[in-house]
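Please read this note with the model open beside you.

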Amino acid sequence: MDAGKKDWMSLSDRYIMHTYGRSPVTLVEGKGCRVFDSDGKMYLDFVAGIAVCSLGHAHPEVAEAVRRQAQKLVHVSNLYYTVPQIELAELLIEHSFADQVFFCNSGAEANEAAIKLARKYSRDRFGEGRYEIICLQGSFHGRTLATLSATGQEKFHKGFEPLVDGFRHVPAGDLGAMKQAITAKTCAILMEPIQGEGGVVLFSPDYLPAVRKLCDAHGLLLILDEVQVGMGRTGTLFAYEHYGIKPDMMTLAKALANGLPLGAFLAREEVAGSFTPGTHASTFGGNPVVCAAATVVLKTLLEGNFLSHCREMGGYFKQGLEDLTARYPSLIKEVRGLGLILGLGLKVDGADFVTNLLDKGFLINCTQGNILRFTPPLIVTRTEIDLLLGALDEECRKRL
């Protein structure tokens with residue numbers, strides 16, 4: 001059935017709550033870095049579901065893993081063991097700092113669980129009254145009430161007050177402010193290694209190691225939110241690897257199963273031990289089908305030169321954006337990011353760029369009003385990057 005995009009959009013506007021400002025296209029198919037709308041128009045996808053479809057759309061091995069597992073076993077309660085969940089957990093543990101993993105459905109759910117575990121561990125080890133978590137201004141940790149409270153952007157808080165107690169926000173990158181915020185009530189520091197929703201904000205190389213030392217000195221847990229930047233996005237499997245440190249907990253989601261809903265948080269064994277039967281759970285978390293897909297994703301990321309391709313394309317893309325910055329200093333302020341999460345900071349509003357590039361056949365995203373955020377599939381090629389750079393150049397030229 002093909003009712004045309006206008007009919008689909010009208011039906012959506014009528015029946016689905018308006019919690020998204022949607023672009024006027026109805027996407028029906030995808031392959032690799034390309035997606036197609038209901039009129040058959042092709043777009044190069046530099047959003048990838050906001051850093052989700054890292055292997056591209058309709059990846060054949062992921063699709064085959066889903067088909068095979070769906071024909072075998074789709075769901076049983078976590079009251080029972082399932083093989084795909086165990087295989088995925090083993091792979092994640094073998095290639096990270098962690099000893100144990102908890103599976104859930106999304107990044108918000110993973111962060112929510114990490115917040116709960118931080119409080120529970122601190123109570124088990126230090127007693128009552130130690131429950132506050134220090135977070136960064138500009139951060140984004142999810143849309144549940146606790147993760148919203150942890151998020152350091154007031155625009156997401158409005159209308160949902162009172163927020164959950166126990167979160168203190170300090171300026172991002174300011175170690176002195178973080179030190180001053182630590183009290184006898186503090187149990188953890190929660191932060192993103194790179195702030196994605198906050199505008200692709202990269203910290204100085206010595207900031208994360210300094211935060212790690214601060215946690216060690218005060219007996220605090222370091223929780224890294226790698227929901228957006230984990231799973232190869234920065235050119236290493238996990239972003240913390242760039243900084244020579246290890247967190248106590250790490251949350252993952254988005255790219256974990258290449259588009260199927262799966263979240264996870266990983267922890268050191270000592271910390272994970274505070275979760276015992278009955279303290280936390282998830283009905284669909286670690287579903288056999290999504291775990292089978294995620295196992296293919298993780299094995300693919302670890303194969304051959306996949307991550308080096310990501311680093312190479314990230315460097316090539318970043319250089320192209322920096323060239324644009326040099327050519328159009330009156331329009332572009334800076335280039336931000338690492339690997340294939342890149343931001344182009346504009347001196348003008350970014351909404352028109354998004355709209356005009358959509359007309360030209362490119363999906364891009366804007367955050368914070370003037371930061372164009374690029375998170376293409378990690379399989380993106382130089383040719384595809386060149387096409388986008390050419391379109392951006394054209395958009396800049398006509399604004400002079």
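1. There are 8 aromatic pairs here. Rings of Phe, Tyr and Trp (its six-membered ring) pair if their centres lie within 6.5 Å; planes under 30 degrees apart are stacked, over 60 edge-to-face, and the rest tilted. Phe317 and Phe374 make a tilted pair, with 5.4 Å between centres and 50° between planes.

2. Why does this pair tie together parts 57 residues apart in sequence? Phe317 sits in helix α11 (residues 306-327) and Phe374 in strand β17 (residues 371-374), so the pair links those parts. Helices (H or I, at least four residues) and strands (E, at least two) are DSSP runs, numbered from the N terminus.

3. The model is predicted: local features need pLDDT of at least 70, side-chain atom pairs count only at pLDDT 80 or more, and totals for chains, interfaces and linings use all residues. Residues are numbered from 1 along each chain as its sequence is written, and side-chain values use heavy atoms, leaving out hydrogens and water.

4. Phe317 and Phe374 are both buried (under 20% relative accessible area; exposed is over 50%, partly exposed in between; 1.4 Å probe, protein chains only). Together with Phe46, Phe317 and Phe374 form one aromatic cluster.

5. Two arginines also meet rings. Arg130 lies over the face of Phe126, 3.8 Å from the ring centre. Arg399 lies over the face of Phe353, at 3.9 Å from the ring centre. The rule: NZ of Lys or CZ of Arg is within 6 Å of the ring centre and within 35 degrees of the ring normal.
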